Amino acid sequence: TFYKRKEMQRLGGENGLDGLMIANFLKSVCLPGHVDDLFPFFLRHAKQIFPMLDCMDDLRKISDLRLPPNWYPEARAIQRRIVFHAGPTNSGKTHHAIQRYLAAKSGIYCGPLKLLAHEIFQKSNDASVPCDLVTGEERVLVDQEGRQAAHVACTVEMCSVTTPYEVAVIDEIQMIKDPARGWAWTRALLGLSAEEVHICGEAAAIDLVTELMYSTGEEVEVRNYKRLTPITVLDYALESLDNLRPGDCIVCFNKNDIYSLSRQIEARGLECAVIYGSLPPGTKLTQAKKFNDPDDPCKILVATDAIGMGLNLSIKRIIFNSLIKPSINEKGEKEMDAITTSQALQISGRAGRFSSVFKEGEVTTMHRDDLVLLKEILNRSVPPIETAGLHPTAEQIEMFAYHLPDATLSNLIDIFVSLSQVDGLYFVCNVDDFKFLADMIQHIPLNLRVRYVFCTAPINKKQPFVCTSLLKFARQFSRNEPLTFDWLCRHTNWPLVPPKNIKDLVHLEAVHDVFDLYLWLSYRFMDMFPDASLVRDIQKELDNIIQIGVRNITTLIRASQATSVSGAIAVPDDFPLQRTEVNDRMLNLEDLPAANQGQFSSATKVPGQKRIRGSKALGYRPAEVKSNMKSQRQGSLAAKLVREGLLTQEMLKQLEREWQVHHNNNGNFPTGKRDDQNGSKGTGNKK
């Protein structure tokens with residue numbers, strides 16, 4: 001329209017740009033027919049947008065991700081031999097690759113977990129092949145004089161793409177499709193400078209790896225493996241915990257079910273081990289050892305899918321408590337859906353492993369109606385993996401910042417992703433966690449490289465204490481004040497004592513993550529995080545304290561429920577879903593103890609899910625819960641909330657006072673002032 005042409009000419013003249021250039025820009029960034037929608041936004045943000053227009057060609061070149069193989073000149077300078085070891089779990093594929101690794105003059109192992117890197121590190125040194133360990137939080141050099149060994153076991157993100165090796169092993173290659181971490185496998189596959197690259201994983205990745213290697217001019221030799229021991233899907237479900245046998249492992253997909261099941265199993269006079277993702281590696285290994293020990297009375301394991309890789313377990317039968325698992329899609333949104341065939345095979349494959357006392361494995365479900373779905377999932381073919389992940393590097397973001405000096409790091413990432421061009425074999429990994437941290441520390445004065453490093457820290461953004469700690473670390477760093485051991489002890493209230501309830505246990509796990517964060521940063525900013533060895537010592541002590549709590553987990557659950565009954569909120573901040581605000585008092589339904597969830601069944605159903613999991617689904621409910629449920633059908637909402645421990649009497653009185661103020665203020669709620677400041681002063685009304 002005439003108005004828009006005039007506005008574009010005016011804005012262009014003020015900023016030294018052609019109005020036609022502005023119009024073309026709007027057309028290039030808008031969907032067809034949506035230019036009109038964007039124009040008001042464009043007028044409001046013209047000052048931020050014009051610098052982009054001036055250097056658009058440069059920005060597009062920087063964000064061109066269509067030729068990732070060219071990023072690794074060392075690997076392209078040699079002709080690598082690529083060997084793909086394809087097969088299901090317990091097929092010996094990784095074993096064969098590791099044998100070649102141990103026989104080589106030099107080698108690197110890249111795994112998805114610290115536990116797996118530790119295992120290869122230990123196995124290599126036990127075989128008299130000196131091997132170093134490198135993870136995000138730890139560096140172990142076996143040479144007493146500090147010289148690097150010819151072999152190294154590392155987590156995949158930490159592999160060097162400039163050091164030459166004779167043999168490289170990339171484990172669990174199917175994770176190249178992971179929305180958050182896939183870029184690390186892509187980098188290792190394209191960038192490792194090794195004469196032989198041995199890839200281990202699912203056959204679903206063969207076609208993609210072959211195509212990627214075609215782009216580098218390298219051929220792929222495929223070796224297929226079959227499972228070493230048989231595994232059977234049973235025709236009957238467990239249905240009752242009374243039917244548990246030694247060697248059983250119940251797999252859950254949230255902590256609530258783990259807490260509920262472990263208490264119910266103990267009530268039947270049985271001991272059980274507990275393993276879930278947020279436990280420290282040392283605690284996981286201790287629980288695994290307890291379960292595997294033939295002389296230990298603990299013969300039942302309750303675990304999440306954390307057992308899918310990284311732990312050697314003597315499991316006879318896998319029992320799926322549920323087939324519904326929360327996941328994050330490519331847009332960073334949380335979804336609830338049935339587990340994939342790949343996930344079901346990975347978990348089921350833990351039963352009857354070749355190296356365990358059980359030479360045959362069995363798989364079933366807790367509930368009869370889930371068994372049909374499990375068989376259907378396991379009988380599906382695993383869809384081929386089609387794309388590999390990429391992530392913007394620090395260097396690319398720095399070049400963007402040179403052209404857009406006023407943009408925040410979060411905005412730089414957004415602009416980079418929106419302008420990026422990728423080949424059909426790749427996708428840009430989800431950057432929501434990165435942007436979350438970037439926004440959180442945006443107000444702290446840090447240079448761009450330091451800010452980028454802080455934002456790549458591997459933390460769980462759903463843990464308020466860990467996020468708060470990162471914020472404090474960044475603030476202290478910006479003041480150029482080293483984060484000493486004493487400072488960290490004050491921040492975490494060290495020394496800590498064994499947990500008295502579940503909330504205490506969850507907090508200890510968060511403190512362990514904070515120590516991990518300190519160690520991770522200490523290898524990137526040694527001068528500012530100088531006390532890594534001292535922190536590692538107290539982290540080992542904390543691991544022992546957490547082990548005490550996990551050994552007594554049913555006692556902690558009882559204490560938590562007793563505290564809840566007494567009127568205090570005993571639910572921890574991430575039990576199991578995080579609150580959006582650190583100080584938010586609102587609780588999600590999922591935050592409730594499992595015994596309380598059954599009464600809300602109509603609100604918790606997931607499409608495709610027939611019943612609520614946990615204590616209700618098991619058909620087992622303690623007598624006190626039944627009586628509580630009966631009484632809770634009667635009485636006011638406030639009384640129900642007090643009985644459930646979601647409100648205390650003091651909180652109820654505070655709500656009553658605020659409601660009264662609301663009425664006195666003609667329907668306006670108080671804005672944070674004290675009641676006596678929001679009273680009837682000047683209105684003639686009594687409070």
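# Aromatic rings, cores and a mixed sheet

Phe454, Phe473, Phe477, Trp487, Tyr518, Phe525 and Phe529 form one aromatic cluster. Rings of Phe, Tyr and Trp (its six-membered ring) pair if their centres lie within 6.5 Å. This is a predicted model, in which local features need pLDDT of at least 70 and side-chain atom pairs count only at pLDDT 80 or more, while totals for chains, interfaces and linings use all residues. Side-chain values use heavy atoms, without hydrogens or water, and residues are numbered from 1 along each chain as its sequence is written.

**Overall make-up**

The protein has 27 helices and 20 strands. Both are DSSP runs, numbered from the N terminus: helices are H or I with at least four residues, strands are E with at least two. Of the 687 residues, 51% count as buried. Buried means under 20% relative accessible area (1.4 Å probe, protein chains only). Contact means heavy atoms within 4.5 Å. Among contacts between residues at least 6 apart in sequence, 72% join residues at least 24 apart.

**The cores**

A nonpolar core is a set of buried Ala, Val, Leu, Ile, Met, Phe, Trp, Tyr and Cys residues joined through side-chain atoms within 4.5 Å. Which residues touch the most other members of the largest core? They are Phe454, Phe473 and Phe529, out of 130 residues. Helix 21 (residues 502–522) gives the most to this core, with 13 residues. Beyond its neighbours within four places in sequence, Phe473 is in contact with residues including Phe454, Trp487, Tyr518 and Phe529. A second, separate core has 27 residues, among them Ile275, Cys298, Ala303 and Ile339.

**Aromatic pairs**

The whole structure holds 13 aromatic pairs. Planes under 30 degrees apart count as stacked, over 60 as edge-to-face and the rest as tilted.

| Pair | Type | Centre to centre | Angle between planes |
|---|---|---|---|
| Phe400 and Phe416 | tilted | 5.2 Å | 55° |
| Phe473 and Phe529 | edge-to-face | 5.9 Å | 70° |

Phe400 lies in helix 15 (residues 394–403) and Phe416 in helix 16 (residues 409–419), so their pair ties together parts 16 residues apart in sequence. Phe400 is buried, at 0% relative accessible area. Phe416 is buried at 0% as well. Phe473 lies in helix 19 (residues 464–478), and Phe529 in the loop between helix 21 and helix 22 (532–551), so that pair ties together parts 56 residues apart in sequence. Both Phe473 and Phe529 are buried.

Eight strands form an open sheet with mixed pairing, in the order 5-4-6-3-7-8-2-9. Why is one side of strand 5 and of strand 9 left without a neighbour? Strand 5 (139–140) and strand 9 (220–224) stand at the edges, each with a single partner strand, so one side of each has no neighbour in the sheet. Two strands pair if DSSP finds at least two bridges between them. Strand 2 (residues 81–86) and strand 9 run parallel, joined by five bridges. Val83 has Glu221 of strand 9 as its bridge partner.

**A covered helix**

Helix 9 (residues 182–191) is mostly covered, with eight of its 10 residues buried. Among the buried ones are Trp185, Thr186, Leu189 and Leu190. Their cover includes helix 6 (73–76), strand 7 (165–170), strand 8 (194–201) and helix 10 (206–216).

Notes: Buried means under 20% relative accessible area, exposed over 50%, partly exposed in between (1.4 Å probe, protein chains only).
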